[in-house]
Amino acid sequence: MPEKIVIIGAGQAGAQAVQSLRAEGFGGGITLIGEESWPPYQRPPLSKAYLLGQFERPRLFLKPDSFYAEAGCELRLNARARAIHRAERLVEMESGPSIAYDKLLLATGTRVRKLTCPGAELPGVHYLRGIDDVDALQAVFQSGARLAVVGGGYIGLEVAAVAAKRGLDVTVFEAMDRLMARAVSPQLSAFYAAEHAKAGVKLMLRTGVEAIQGTDRVEGIRAGGTVYPADIVLVGIGVLANDDLARVAGLGCEDGIIVDKNARTGDAHIWAAGDCTRHVGHEGHAIRLECVQNAIDQAKHAALAMVGRPKDYSEVPWFWSDQYDLKLQIAGLARPTDMIVQRGDPANRKFAVFHLRDGAVAAVEAVNAAPEYMIGKKLVAEGRRIAPERLADLSVPMKQMAA
Ligand code: FAD
């Protein structure tokens with residue numbers, strides 16, 4: 001009997017795994033199970049060009065419709081896996097018969113962290129994870145509407161930028177003392193705060209949200225003891241790993257399904273890839289990443305391991321964010337103790353911040369600075385040591401840094 005691989009989660013990692021399994025010559029059956037009604041799609045445009053109305057829905061889909069049939073992959077949509085029975089190697093479905101597997105890949109991604117304060121369930125409170133969320137938001141995204149964004153992270157700020165462009169009256173509430181505090185350096189936080197302020201976005205830092213107010217729907221938001229009127233609330237306060245299936249099945253989980261460098265879980269028949277995993281990253285410590293790069297690269301490594309040609313995964317993580325006409329690109333993982341080297345002037349809206357650790361380039365944050373990002377990523381991967389004065393010197397082209 002040919003082998004059967006079942007993939008739970010029809011998202012970025014799930015679709016990549018189908019493609020890679022076939023590319024690596026896997027000839028058995030593949031079933032891709034997705035609880036959403038959409039075939040696998042890319043999420044990044046959802047809070048950017050798609051929300052702005054400058055990105056057509058068909059372009060969101062990662063593969064043409066014909067891909068799955070041509071790849072001999074049974075794509076089951078609107079299908080939610082309820083449990084994994086490891087001894088029998090069965091996936092129990094929420095409805096319909098269980099599905100047998102020889103090998104299983106968990107690519108279940110994350111779900112949004114919900115606001116728990118009073119009023120959080122009122123109509124008019126939105127989240128942004130999938131196509132359906134954007135569609136619901138679009139319906140109320142009218143010029144002049146008062147939008148309260150809860151959370152000054154990537155998603156909240158990308159939505160704030162789109163909303164400002166579309167003429168909404170935007171206020172961002174952030175409990176920390178700076179924007180994107182979990183993800184970027186203080187230099188970047190300050191730069192983005194200034195850009196949002198320039199666009200007319202009101203920023204309320206160190207302001208935790210206490211309640212959403214309204215009778216039948218959102219009318220305001222109480223934060224830092226003050227009530228701010230609002231018509232729409234968009235919550236972007238992070239995500240939680242969808243690791244429940246794995247945990248209940250007895251697999252090791254710790255804010256994510258624990259996998260090794262070959263995306264393998266503690267069960268020799270089960271792998272996991274993407275946002276739902278915790279793996280030992282390129283710096284040698286356990287990490288859970290939430291980015292397209294990790295979903296794609298880890299799925300590729302899972303596929304290799306599933307066909308018996310394991311290769312260690314140690315790629316440098318990279319990420320991007322679009323806000324206004326600013327393209328932020330990040331490679332590597334910065335730490336607060338890193339030495340900061342700035343290259344270029346933020347006033348020109350084109351600059352980079354390098355993070356040096358023990359003299360070596362550990363991470364780069366580049367704003368509208370493609371060469372700094374591209375070459376910076378290479379320097380991070382190689383752990384290249386570069387003198388700070390040289391890195392900051394705009395008369396030395398980035399190409400020469402890599403030479
Ligand atoms: P997902 O793409 O989330 O796919 C997981 C799928 O599994 C989902 O469809 C889920 O419904 C399904 N599923 C879960 N449990 C079950 C079950 N029991 N049964 C059946 N199906 C199930 N990353 C970047 O690198 N750059 C960006 O600019 C960027 N922007 C983003 C903007 C937004 C609005 C969002 C939401 C994310 C963004 N990301 C960005 C993150 C990126 O989209 C994720 O890292 C990526 O989608 C992870 O892929 P994944 O396959 O692990 O999970």
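**Group meeting talk: the ligand and its surroundings**

Let's start at the ligand: one of its oxygen atoms sits 2.6 Å from an N or O atom in the side chain of glutamate 35. That is a polar contact, meaning a pair of N or O atoms within 3.5 Å; within protein, one must be able to donate a hydrogen and the other to accept it, and residues adjacent in sequence count only if both atoms are side-chain atoms. Arginine 129 also takes part, with a polar side-chain atom 2.8 Å from a ligand oxygen. Tryptophan 320 uses its backbone instead: an N or O atom there lies 3.0 Å from an oxygen atom of the ligand. How much of the ligand does the protein bury? Taken alone, the ligand exposes 990 Å², and the protein buries 96% of that. Those areas come from the Shrake-Rupley method with a 1.4 Å probe; for residues, only the protein chains shown count as cover.

A word on what you are looking at. This is a predicted model, where local features need pLDDT of at least 70, side-chain atom pairs count only at pLDDT 80 or more, and totals for chains, interfaces and linings use all residues. Residues are numbered from 1 along each chain as its sequence is written, and side-chain values use heavy atoms, with hydrogens and water left out.

Now the shell. There are 33 residues around the ligand, and Ala13, Glu35, Glu36, Lys48 and Asp275 come nearest. To be near, a residue needs a heavy atom within 4 Å of the molecule or strand in question. What is the shell made of? It divides into 16 nonpolar, nine polar and eight charged residues. Here Ala, Val, Leu, Ile, Met, Phe, Trp, Tyr, Cys and Pro count as nonpolar, Asp, Glu, Lys and Arg as charged, and the others, Gly among them, as polar.

Which elements supply it? α1 (12–23), α8 (292–306) and β22 (318–323) each give at least two residues of the shell. Helices (H or I, at least four residues) and strands (E, at least two) are DSSP runs, numbered from the N terminus. Both domain 1 (4–111 + 239–306) and domain 2 (125–235) contribute residues to the shell, so the ligand lies between them. The domain bounds come from an automatic or database domain assignment.

Stay with α8 for a moment. Alanine 302 is in that helix. Is it buried or exposed? Buried, at 0% relative accessibility. The cut-offs: buried is under 20% relative accessible area, exposed is over 50%, and partly exposed is in between, with a 1.4 Å probe and protein chains only. Asparagine 262 is 40 residues from alanine 302 along the chain, yet their C-alpha atoms are separated by 5.9 Å.

Alanine 107 is buried, because its relative accessibility is 8%. Leucine 32 is 75 residues from alanine 107 in sequence and 9.8 Å away in space, C-alpha to C-alpha.

Next, cysteines. A disulfide is a covalent bond between the sulfur atoms of two cysteines. Cysteine 253 is partly exposed, at 21%.

On to the backbone. Most residues other than glycine have a negative phi. Tyrosine 324 is not a glycine, but its phi is positive, about 55°. Tyrosine 324 is in the loop between β22 and β23 (326–332), and it is buried, with a relative accessible area of 17%. Aspartate 358 has a positive phi too, about 50°. Its loop lies between β25 (351–357) and β26 (360–367). Aspartate 358 is exposed, at 67%.

Lysine 378 is in helix α9 (residues 370–382), partly exposed at 42%. Aspartate 216 is in the loop between β13 (209–213) and β14 (220–223), exposed at 63%. Between these two, 162 residues apart along the chain, the C-alpha separation is 53 Å. Aspartate 216 and alanine 23, 193 residues apart along the chain, also have C-alpha atoms separated by 53 Å.
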